Amino acid sequence: MQNRSSAISPKNKHIQEPVFQAINRPPMHIRHRSMLWDGEKELHYHNRVEIGLCTGGSGIFYIRDEIYPCIPGDIVIVYPGEKHDARSPRENACYWRFIMVDIPGLYGTQQDCEALLALTSYTQHRGHICSRPERKRLLPLLLRMFELRDEAFDHPDTPAHLAHLFACFLYETAHFAAETAEGIPTTEVSPALQQVVYPAVSYMLNHYAEPLRMEELAARCYVSDCHLRRSFFTAFGLSPTAFLHKIRIRHACAALAGGQQSILSIAVQCGYPTISSFNRQFQKVMHTTPSEYRRQMGTGGHRKTTQPEPGNDSL
């Protein structure tokens with residue numbers, strides 16, 4: 001098979017469709033998981049590309065210091081070394097299928113590996129959640145990868161097929177990124193700031209619906225209240241309180257788009273005791289009302305597309 005690597009020119013965003021050679025090693029594995037977690041979780045990272053398909057429920061994904069609401073049919077891409085975590089409410093646990101891809105283990109030449117790594121570097125700065133038209137191009141490729149990895153991995157041709165499917169998946173992701181004027185904005189947090197703010201971020205993700213005190217968050221980070229506020233603003237452009245509201249409202253967005261709960265029920269579930277306080281914070285973060293957001297997601301929007309059924313993906 002002729003080896004032709006992907007090439008991306010940042011100036012004109014030209015992308016060539018990839019063709020790669022695979023080696024016969026097990027470079028992929030699949031996990032089925034619920035994002036409902038009874039204990040404390042910490043931000044973590046992998047040395048592989050992680051691709052997930054939401055199959056039920058609703059929740060959020062925290063990736064590279066951005067918060068994404070997720071509902072069934074959404075596809076998430078987490079690149080090597082990116083700290084991330086996921087949460088869903090106890091009332092509507094979010095279920096996922098994940099496939100983990102080891103690029104050096106999947107491709108047979110150094111040139112192929114370098115081309116794929118360059119492609120991931122290009123796409124990772126342009127968003128991590130595929131929930132709009134690009135999903136139509138990516139979903140068939142991802143479902144085929146699941147099928148091959150689940151049912152036919154012992155077949156001698158399967159590694160080559162998986163290598164081609166994954167390369168095409170990244171190509172489609174990069175192609176969509178090149179078509180859009182702007183990707184999903186992400187922030188860069190320095191390692192020094194990560195050590196300060198990430199203990200507080202992890203605690204917020206675990207306890208977003210509870211009343212949180214600044215003194216408690218600062219104590220978990222071993223800094224003063226003033227230092228924590230300053231560090232959060234440097235890292236995210238937000239105060240710790242505003243960042244907590246952002247987590248809560250992203251959870252609310254997923255619940256509004258993915259279910260039939262009442263707005264009052266969603267407000268209480270996300271930590272707001274009154275509908276007025278919920279409406280006020282939702283308007284600040286989303287620049288629209290909860291009712292209008294639900295209407296936009298439910299009439300004529302991409303959320304009306306057919307979603308995969310949870311099936312046997314729940315734990």
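Is Val 268 buried, partly exposed or exposed, and at what relative accessibility? The legends below take up this residue and other sites in a predicted model.

**View 1. A nonpolar surface patch that includes Val 268.** Val 268 has a relative accessibility of 48% and therefore counts as partly exposed, since that class lies between the limits of 20% and 50%. The residue is found in helix α9, which spans residues 263–269. Together with Leu 264 and Ile 275, Val 268 forms a nonpolar patch on the surface, and the accessible area of the three residues together is about 250 Å².

**View 2. Strand β7 and its pairing with β4 and β10.** In strand β7, made up of residues 75–78, Ile 75 and Ile 77 point one way while Val 76 and Val 78 point the other way, and all of these residues are buried. Strand β4 (residues 49–56) runs antiparallel to β7 and is joined to it by four bridges, with Gly 52 having Val 76 as its bridge partner. Strand β10 (residues 129–130) also pairs with β7 in the antiparallel sense, over two bridges, and here the bridge partner of Ile 75 is Cys 130.

**View 3. Tyr 222, a residue with positive phi.** Most residues other than glycine have a negative phi. Tyr 222, although not a glycine, has a positive phi of about 60°, and it is found in the loop between α6 (214–221) and α7 (225–236). Tyr 222 is exposed because its relative accessible area is 77%.

**View 4. His 287, in the loop between α10 and α11.** The loop that holds His 287 lies between α10 (275–286) and α11 (290–298). Phi of His 287 is positive, near 60°, and with a relative accessible area of 64% this residue is exposed.

Methods. Residues are numbered from 1 along each chain as its sequence is written. This is a predicted model: local features need pLDDT of at least 70, side-chain atom pairs count only at pLDDT 80 or more; totals for chains, interfaces and linings use all residues. Side-chain values use heavy atoms; hydrogens and water are left out. Buried means under 20% relative accessible area, exposed over 50%, partly exposed in between (1.4 Å probe, protein chains only). Two strands pair if DSSP finds at least two bridges between them. Patches are made of residues with over 30% relative accessible area and no salt bridge: like charges are joined within 9 Å, nonpolar side chains (Val, Leu, Ile, Met, Phe, Trp, Tyr) within 5 Å. Accessible areas come from the Shrake-Rupley method with a 1.4 Å probe; for residues, only the protein chains shown count as cover. A salt bridge is a side-chain nitrogen of Lys or Arg within 4 Å of a carboxyl oxygen of Asp or Glu.
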